[in-house]
Amino acid sequence: PAGRGQGPAAKAARRPAAGAERERVIGAEQAAPRRAKAWTGEGAADATSPLPAKTAKASAGGQPAGVAGEAGESVMTAVQTVTVTPDEAGMRVDRFLEARFPGLSFSHIQRVVRKGELRVNGKRVETKDRLEAGQAVRIPPLSLAPPKTGPRASKADEETRAYLRSITLYEDDDMMVIDKPMGLAVQGGSGMTNHVDKMLQALTDEKGQTPRLVHRLDRDTSGCLVIAKTRFAASALAKSFRSRDTRKVYWALVAGVPRVKQGRISTYLAKGEDDEGDAKMRVAKHGEEGASHAVTYYAVVETAAQKLAWLSLKPVTGRTHQLRAHTVHIGHPIVGDPKYFDIENWELPGGIQNRLHLLARRIVIPHPRTGKPIDVTAPLPPHMRQSWNLLGFDTARYDPIEEAPEA
């Protein structure tokens, strides 16, 4: 009978996992989460030993059906047929299984699909095939790893959730906008122990969905960062960024005052290197290999003598380091930029911190479900607020960039 694990498929499901790592993809195609909100540990571990399984009936909601055994025992599900929801449309088969069954090992997923035990509308599929809303997915008995528990992990997750709540500017069931602080990386990299993408795992919900990034900010840029809470929202929001339906306004403090108070910067940018061999964007020629067109509108909001200027910037494109490279291109680099500031013997005015003065001030984006504009504004970070106060800049001053074209 289903769920007792007596058939060949069920026996195969209880064999040790091969130890392969899960593939991790960022963005709308991000790999499924490894933790569920109800779990208090770091996440579900891969099943690595044929532990005794308990029988269970399939849940009506299509979520993993199973009964956890004693500590350390795996969970065996029964045969079940689930329907692909609109939020799951376009998902790869392997991502779909990972999202529905957070405790399922990578090797187990590959095995049940390869052997044809998993069927979509009665037909065999491959792990890379994509699902459509309304399709019926027949799922064979699965052996799920038990959740890890531990007060330390639970406390760490709660602290992370509390921190993310403290910097949230807007949130609903589909999306959230946080005020990313300066110095916090958006994604992991060499030497990165903490970043937004990692922190979002603490927000994994009961269905196994983890909020995901839909765009990026440089590590030292603070301000509005949009995050999708569902796969449906991730796809819709990413489309808004690609189609340039999203309006972004940045504030920067730059050296000197541009002669032209409002203008358009249009160049081609390509990857290069600085004197230390680190990656750095450079202005390139049209047609040059790897060069991408970049357009930014700018306006001078206020000045401090001829020493400093408060610029409002509206990027039309979204190239890496675009604003930092474009302000250098017009001869007015952003104050505190360790990579692009290129004025020799320039002295930092007293009281102004040598930190990147660039803020993702405002973002206006169509809501992924309703299409109505979500308009969010971020406050000045501490070091920029100190500079604005010192220079007598008023944040309530009219921002001329609002009248700039969208393309």
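Of the 407 residues in the protein chain, 49% are buried. The model is a predicted one, and its chain comprises eight helices and 17 strands. The accessible surface amounts to about 19600 Å², with carbon and sulfur atoms contributing 48% of that area. When contacts between residues at least 6 apart in sequence are considered, 66% of them connect residues at least 24 apart.

Helix α7 spans residues 322-329. Because six of its eight residues are buried, α7 is largely enclosed by the rest of the structure. The buried positions are Q322, L323, R324, A325, H326 and T327. These buried residues pack against five strands, namely β11 (247-255), β12, β14 (292-304), β15 (308-315) and β16 (358-366). Apart from neighbours within four places in sequence, A325 is in contact with L269 and Y340. Although A325 and Y340 lie 15 residues apart along the chain, their C-alpha atoms are separated by 6.8 Å. Just after α7, a positive phi of about 85° is adopted by G331.

Charged side chains form eleven salt bridges in the structure. One of these pairs R92 with D94, with the closest N and O atoms 2.8 Å apart; both R92 and D94 are buried. A further salt bridge joins E288 to R282 at an N to O distance of 2.5 Å. E288 is partly exposed, at 28% relative accessibility, and R282 is likewise partly exposed, with a relative accessible area of 35%.

D375 and R362 also form a salt bridge, their closest N and O atoms being 2.5 Å apart. This pair links distant parts of the chain, since D375 belongs to strand β17 (residues 373-377) and R362 to strand β16, 13 residues apart. D375 is partly exposed, with a relative accessible area of 42%, and R362 is partly exposed at 21% relative accessibility. Elsewhere, salt bridges with shared partners connect R92, D94 and R95 into one network.

A patch of negative charge on the surface is formed by E273, D275, E276 and D278. Of these residues, E276 is located in the loop between β12 (262-273) and β13 (279-284). The relative accessible area of E276 is 68%, and the residue is therefore classed as exposed.

Methods
Residues numbered from 1 in each chain as written. Predicted model: local features only at pLDDT ≥ 70, side-chain atom pairs only at ≥ 80, totals over all residues. Heavy atoms only, no water. Helix = DSSP H or I, 4+ residues; strand = E, 2+ residues; numbered from the N terminus. Buried < 20%, exposed > 50% of the residue type's maximum accessible area, 1.4 Å probe, protein only. Contact = heavy atoms within 4.5 Å. Areas by Shrake-Rupley, 256 points an atom, 1.4 Å probe, with all protein chains shown as cover. Patch = residues over 30% accessible without salt bridge, like charges linked within 9 Å, V, L, I, M, F, W, Y side chains within 5 Å. Salt bridge = Lys/Arg side-chain N within 4 Å of Asp/Glu carboxyl O. Lys, Arg positive; Asp, Glu negative; His and termini not counted. Charge placed at Lys NZ, Arg CZ, Asp CG, Glu CD.
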